[in-house]
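This report describes selected features of one structure, from domains to a chain interface and a pair of helices.

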Amino acid sequence: MKYQIIFICLLLVDGLYGQSLSGDVLIKNGTVLTITNGIKENTDVLIQNGKIKSIGEGLSAGDNVRVIDADGMYVMPGIIDAHSHAGIDVVNEASAPNTAEVFVGDAINPYSVSIYRALAGGVSVSHAMHGSANAIGGQCETMKHHYGEEDPETYKMVGAPRTIKFALGENPMRVHGEGNGIQPKSRMGIEQVFRKAFSEAQEYQKAWKTYKSGGTRVAPKLDLRKQTLVDIINGEIIIHCHSYRADEILMLMNVLKDYGVDKICFQHVNEGFKVAPELAAFGAHASVFADWWAYKFEVYYSTAYNAAILTRNNVITSINSDSGELIRHLYHEAGKTQKYGDLTDNEALRLITLHPAIQLGIDERVGSLEVGKDGDVAIFNKHPLSIYAVAQYTLVDGLVRFDINEDPADVRLDVNPDEKIPAFHEIDAHDHHRCMEGVFEELFSHH
Amino acid sequence: MNSINKIKENMRNGAYIISAIVLFLSLSISVHSQRVAKSEAGSFLLKGGTLVTVSDGTFQSDLLIKDGKIASIGEALPAGDATVIDCTGKFVYPGLIDSGTSLGLREVGSVSLTSDHSEIGDFIPHMEALTAVNPNAVAIPVTRVNGITSAIVKPSGGTFPGTAALINLHGYTPQQMFAGYKAVIMNFPSTGKRGWRDSRSEEDIKKDADKALKNLNETWRKVKLYAKIDSASVAGRKSKDGYNPSMDAMLEVARGNRHLMIEVNKKVDIESAIKWVTDNKLNAILTGVKEGYRIADKIAEAGIPVITGPVMSIPSRQSDKYDIAYANAGKMRAAGVKVALRTDKYENVRNLPYEAGFAATYGMGTDEALRAITLSPAEMFGVDDQIGSLSAGKLANVFVSDGDPFETRTDILHLFIGGWKVPLESRHTLLYEEFLERDPGVKE
Amino acid sequence: MINHILSICLFCILSIGLQSQSDVPDVTSTFAIKNANVVVKPGQTIEQATVIIKDGLIHQVGKNIPIPYDAEVINADSMFVYAGFIAGISHIGIPKKEEKKEGGSSSVKGYDPPNDAAGITPEKTVRSVIKPSDSSIAAMRKLGFTMAHVVPRGGMMAGKGSLISLSGGSVEELLVKEDMSLYGSLKAAKNRIYPSTAIGVMSKWREMYQQAELAIDHESTFKSAPSGLKRPMYDASTKALYAATNKSIPVFFNAPKTLDLSRSLRLQKDLGFNIVASNVKQAYKLKDKIKSMNIPVVISLKLPKEEKKKKESDDKKSNKEDDMSDEMKKLLARSSAAKKEYTSQAAILEEANIPFSISLTDVKAADIQKNLRRMIEAGLSEDKALAALTTNPAQLLGISSIAGSIEKGKVANLIVTDTTYFKEKANVLYVFADGKKFKQEIKKKKKKKEGDPDAEIVLEGEWTLSINADGMVIGGNVTIQKTDDGYTGSMTTDMDDEETEFDSVEIDGSNVTIKMTGDVNGVEAPIQIDVVIDGSDMEGSVNIANGMMTADVTGSKDDNP
């Protein structure tokens with residue numbers, strides 16, 4: 001059908017962009033933290049056409065290839081943030097409890113200085129997410145931080161699986177129940193939003209199957225929202241669900257079981273540690289904060305040991321920022337798991353490299369330094385888990401997108417002509433919790 | 001999958017033994033409440049650790065805690081009836097001080113009735129933060145297990161939102177916790193944008209700020225007049241007119257006997273604030289000071305101390321360098337300004353050593369950064385005879401760690417506040433103990 | 001109240017360039033413009049030439065042409081004649097008040113709001129909303145616009161656009177080419193109605209567009225083989241999209257900022273409609289894409305505020321505010337460069353050989369000539385500027401055979417100016433639209449008494465006014481109160497007791513500007529009073545409907561209690 005062709009075209013068109021963005025670099029003599037193959041001292045990493053060509057000693061490259069002297073430095077995979085809102089203009093389409101059809105990737109803002117600041121903290125990939133205003137939010141975008149490019153399409157990571165935002169608990173209840181007088185107002189209501197959406201999607205899929213097999217002659221009314229839910233049931237979209245309380249986490253897993261969906265990563269999941277065995281048994285992943293708590297009642301009974309407990313119970317766990325401020329020092333956030341739970345160096349580093357890659361379905365491309373993977377690299381002057389570490393270079397697809405020796409003061413790409421000098425902001429709401437942006441302020445009285 | 005089951009089985013077997021012991025030991029602890037084990041009074045001899053005194057250098061020595069104080073520091077101290085704690089290979093630090101928090105005033109951020117840091121009114125300096133501190137706030141044990149032993153708790157809101165107080169993080173009543181220092185808080189009229197959604201034009205912002213400054217000067221005129229009348233009425237044994245609590249709260253500030261903590265951030269506003277302070281001959285501390293690095297020389301020249309933070313914040317202008325907020329404290333210190341650091345939080349005050357760590361990394365250096373969360377604030381608040389360093393005679397606010405407290409992998413091993421040995425337990429650790437190996441596990 | 005003033009003035013004043021409503025009949029529809037510099041099309045000028053107009057069409061153009069016996073002759077020695085300007089896109093004739101309907105009721109919630117609440121009204125036609133009496137028609141004609149592509153105001157799918165002739169008259173006489181385009185934008189619905197953000201809008205566009213494609217299929221299947229088929233019952237909005245989905249009409253997409261442009265180009269790539277990038281301000285950022293995709297461009301005429309010429313007092317003020325540190329200098333340089341870049345958009349497009357037309361959707365009438373000049377100063381050639389106003393829009397709108405240049409057989413849309421149009425003091429003397437003559441009166445700009453920007457005045461109180469419109473004098477009363485935020489007030493006239501509240505009062509020393517909105521024959525018209533206060537006297541002018549009518553004002557304050 002025509003609309004299917006359009007969607008295929010969408011993917012093809014996506015494929016046309018981003019292929020030209022790649023570079024060649026030779027990183028020499030660093031301590032290479034491969035994540036999957038141990039630590040290699042005095043080792044080189046050669047990146048060619050944006051891919052890691054080889055890792056070893058005494059490598060060489062052509063004359064025109066940039067050489068980075070990493071002597072005394074630590075070379076690790078580019079950090080991946082599984083929960084971010086940096087670089088997008090719109091966070092919440094908060095007008096309905098289910099807005100599965102919208103794409104946050106339609107609102108990429110390559111002029112966002114937050115992306116550069118994230119690069120300055122070693123982050124090469126982020127998962128730009130829809131906010132948590134709706135039980136079923138919009139589809140998210142896994143982005144490569146190609147800061148400097150002005151075409152939003154270049155940020156989209158070609159080939160990355162589709163992902164979608166779900167949200168449980170206080171936020172959707174506050175926005176729709178309290179704020180707008182429509183379901184859901186309680187956790188009971190939230191469960192029914194999912195059941196209704198999935199069941200209606202099954203009906204929708206049936207109707208289209210009947211039409212396509214010639215059973216009816218008129219196509220059913222096109223509904224992109226329902227189509228997206230169908231795609232979730234068919235396993236084409238990974239769910240990333242904002243959640244806190246143990247009971248609601250269990251609720252969603254039970255709902256998903258009923259509809260045959262198993263690709264899920266719980267986000268924040270502050271009480272995940274209380275149901276770690278269940279999460280592991282389901283195969284669900286968890287993306288958590290290092291130590292945020294007490295800002296809402298549903299996180300009042302949480303612990304900074306969350307990541308450690310989940311890891312010890314064999315749940316694939318990552319640490320995310322959900323903040324334009326925290327994204328800049330995810331390496332420090334990961335370090336906190338050594339204090340709260342004694343994770344080893346490699347376990348802690350996995351939380352910001354391989355594990356978020358797995359959760360986003362991109363672990364064949366990024367998340368560790370292995371031959372064939374993308375040339376996404378972060379180079380620090382000290383071990384990244386030390387508080388004294390400062391990022392020196394951040395590479396994305398072999399292009400040096402952050403170089404501390406060439407860090408200009410004013411990195412803006414687009415300047416407002418009516419503003420003489422950039423305004424001073426007493427407080428910057430982009431610091432924390434953009435998850436509720438776009439919804440009436442009085443509903444979310446956090447800081 | 002099988003290997004995981006095997007690991008689980010092994011863990012389970014081993015865990016049975018451990019959990020039995022833990023269960024036995026923790027019978028008195030109710031893991032579902034915020035209660036933690038009681039602190040222990042007594043004398044303690046910290047033997048053979050490396051003392052980072054802050055005031056007198058770093059060296060290996062013994063430290064004796066007795067009668068709530070650091071009784072003595074020296075080599076091979078006799079133990080007497082003190083409990084000996086072997087600190088070989090460990091480090092002893094003075095308890096850390098956070099110079100700006102709402103710890104104990106707020107419990108759950110989004111539930112407004114659990115927050116007591118902000119009251120209605122613009123000129124209400126008589127609102128005492130100390131009164132509203134909840135000594136049983138869940139966040140207090142969470143904070144102190146990371147080595148923070150004292151904190152300024154401050155109100156927020158309008159121009160004069162109230163009076164802040166310095167507390168030690170141990171005690172069952174606010175009075176027990178009070179650490180002997182108070183300051184009146186003031187928010188200086190700002191010419192910056194209030195936030196991302198502030199859509200006022202530049203002219204409107206300037207108009208609002210000019211109006212606010214005019215009101216401030218008028219208020220100050222009244223404050224000075226009231227102080228004059230008060231002095232006169234005391235001297236002449238005359239009675240004053242009426243009940244005026246807000247003005248009463250300003251008397252000591254007007255007389256220069258109590259600090260005014262002035263929150264101000266934008267460079268031009270800092271300049272105006274410095275002028276206002278010097279013109280009115282006030283005893284003030286500037287807080288916030290996000291753009292302090294732009295006029296550090298002027299601040300140093302004026303001799304006004306500064307409390308700044310959080311260090312880990314986003315630069316306030318789109319055109320600022322990415323690390324300018326990290327580097328701010330260090331730049332001011334280098335110019336000769338007396339600097340203390342704050343987290344400005346209520347629930348994650350425990351991150352104070354990491355705030356200092358970032359300041360250290362981006363130019364301040366470890367020594368100065370440590371001083372900014374120990375002796376410098378103690379000096380600023382005039383309580384450096386009590387806390388802020390390891391010196392004989394000071395209050396025993398001390399912790400023992402296995403390394404540099406700025407590093408995340410460092411563990412705090414022992415904690416003392418006012419000579420009490422405080423258990424390193426909090427809601428977070430108790431939940432860890434309960435759920436690391438949950439029993440029953442998954443129902444098969 | 002203002003109504004009355006205008007009615008009287010209209011009656012008395014015939015020399016202002018309004019559509020003549022008197023009962024003196026026209027005597028001929030043949031005109032001869034003699035001896036002028038005729039700019040046939042950009043780059044082609046015939047000096048000392050004559051243009052003959054007959055029955056609304058250009059009859060002849062050339063040197064030494066015999067003058068028809070029945071022609072009204074205009075001696076145009078040393079004047080310039082241009083083809084009437086064509087607006088690539090605009091809201092001319094569409095009253096602003098229409099917009100308010102679109103907000104929707106507050107009881108509309110979430111899931112499935114009615115289309116018009118969501119800003120989805122592709123079925124709205126210009127015919128249904130245009131008001132021939134709207135002041136903007138005459139105001140734009142005065143500047144030389146004789147034709148315009150007009151689109152309705154609204155949300156993400158505001159409606160269908162039509163080509164109109166600014167010769168005035170009834171709706172039938174206005175409309176030249178109806179429903180020739182679809183007007184779209186990324187504008188979201190208000191009041192948290194879906195779609196309330198740009199991403200919601202983009203998804204809704206995709207869904208509605210594809211629903212329309214399926215609907216067309218259904219309708220054609222039903223036409224050819226209806227037996228056993230459910231009857232197609234599609235709403236007006238879906239049907240209105242058919243012409244766009246089968247590419248018989250283009251979609252003019254409002255795309256002021258770069259990101260709006262890349263997002264609308266993304267939609268175009270997803271869905272395949274013929275797009276025209278409208279009201280663009282930063283086309284230079286995407287010029288390669290525009291060129292390779294052959295996207296027609298209509299640029300906005302609204303530019304960032306000009307850099308203020310530094311006055312003595314300014315220097316002192318700015319030095320107090322910020323040190324001229326290196327950082328500050330760099331930042332100021334960047335914002336100047338940004339201003340320059342916006343202003344050079346047209347020049348950059350010219351250099352890249354990308355043709356463009358002009359949008360009037362968001363520029364103020366008073367800024368149009370000035371901004372064209374600014375663009376020319378920034379590098380746009382006068383020829384290309386003229387092309388953007390004539391031949392390019394003619395081609396874009398498919399009317400090259402009947403308009404856009406001064407050639408025999410084309411419609412008689414002409415502008416006669418006293419010097420080249422783009423010169424600073426140029427005046428438009430005559431405008432011909434559909435062969436109808438409109439003569440403009442050049443008002444000698446009265447030297448505004450320069451008020452002292454630092455003076456302190458007492459504005460509040462009761463003022464008695466005298467409004468003098470070319471001999472007609474009307475009295476009025478103004479009451480001004482001082483509040484915490486500034487001033488408020490209201491005005492009445494001797495005609496009736498209706499009071500009009502002020503919208504705003506701006507003060508710059510002793511210069512005072514009062515703005516209010518009056519009702520002129522059922523249409524809203526902005527009214528602006530600019531006066532200089534001297535003690536208890538005031539003197540200045542009143543401007544009604546963006547220059548449609550001006551009058552002098554004097555007044556004095558009642559100081560007596």
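## Domains of chain B

In this predicted model, the domain assignment of chain B gives domain 1, spanning 2–37 + 425–435, and domain 2, spanning 96–387. Domain 1 of chain B gives 6 residues to the contact between them, and domain 2 of chain B gives 5 residues. On the side of domain 1 of chain B that touches domain 2 of chain B, the residues divide into 3 polar, 2 charged and 1 nonpolar.

## Contact of chain C with chain A

Between these chains, 43 residues of chain A are in contact with 44 residues of chain C. On the chain C side, the elements that give two or more residues are α5 (198–224), α8 (258–271) and α11 (326–343) of chain C. The largest share comes from α5(C), with 13 residues.

By class, the side of chain C that touches chain A has 16 nonpolar, 15 charged and 13 polar residues.

## Helix packing in chain A

Two packed helices are described by the angle between their axes and the distance between the axes. In chain A, helix α4 (residues 187–212) packs against helix α5 (residues 224–233) at an angle of about 95°, and their axes are 8 Å apart. Because of this angle, α4(A) is roughly perpendicular to α5(A).

From α4(A), the contact is made by Ala197(A), Phe198(A), Glu200(A), Ala201(A), Gln202(A), Tyr204(A) and Gln205(A). Lys226(A), Leu229(A), Val230(A) and Ile233(A) make the contact from α5(A). The residues in this contact of α4(A) with α5(A) comprise 7 nonpolar, 2 polar and 2 charged.

Key:
Residues are numbered from 1 along each chain as its sequence is written. Chains are lettered from A and ligands numbered from 1 in the order in which they are written. This is a predicted model: local features need pLDDT of at least 70, side-chain atom pairs count only at pLDDT 80 or more; totals for chains, interfaces and linings use all residues. Two residues are in contact if their C-beta atoms, placed from the backbone, lie within 7 Å. Helices (H or I, at least four residues) and strands (E, at least two) are DSSP runs, numbered from the N terminus. Ala, Val, Leu, Ile, Met, Phe, Trp, Tyr, Cys and Pro count as nonpolar, Asp, Glu, Lys and Arg as charged, and the others, Gly among them, as polar. Domain bounds come from an automatic or database domain assignment. Axes are lines fitted to C-alpha atoms, for helices over the stretch in contact, and angles run from 0 to 180 degrees between N-to-C directions. Angles under 35 degrees count as roughly parallel, over 145 as roughly antiparallel, 65 to 115 as roughly perpendicular and the rest as oblique.
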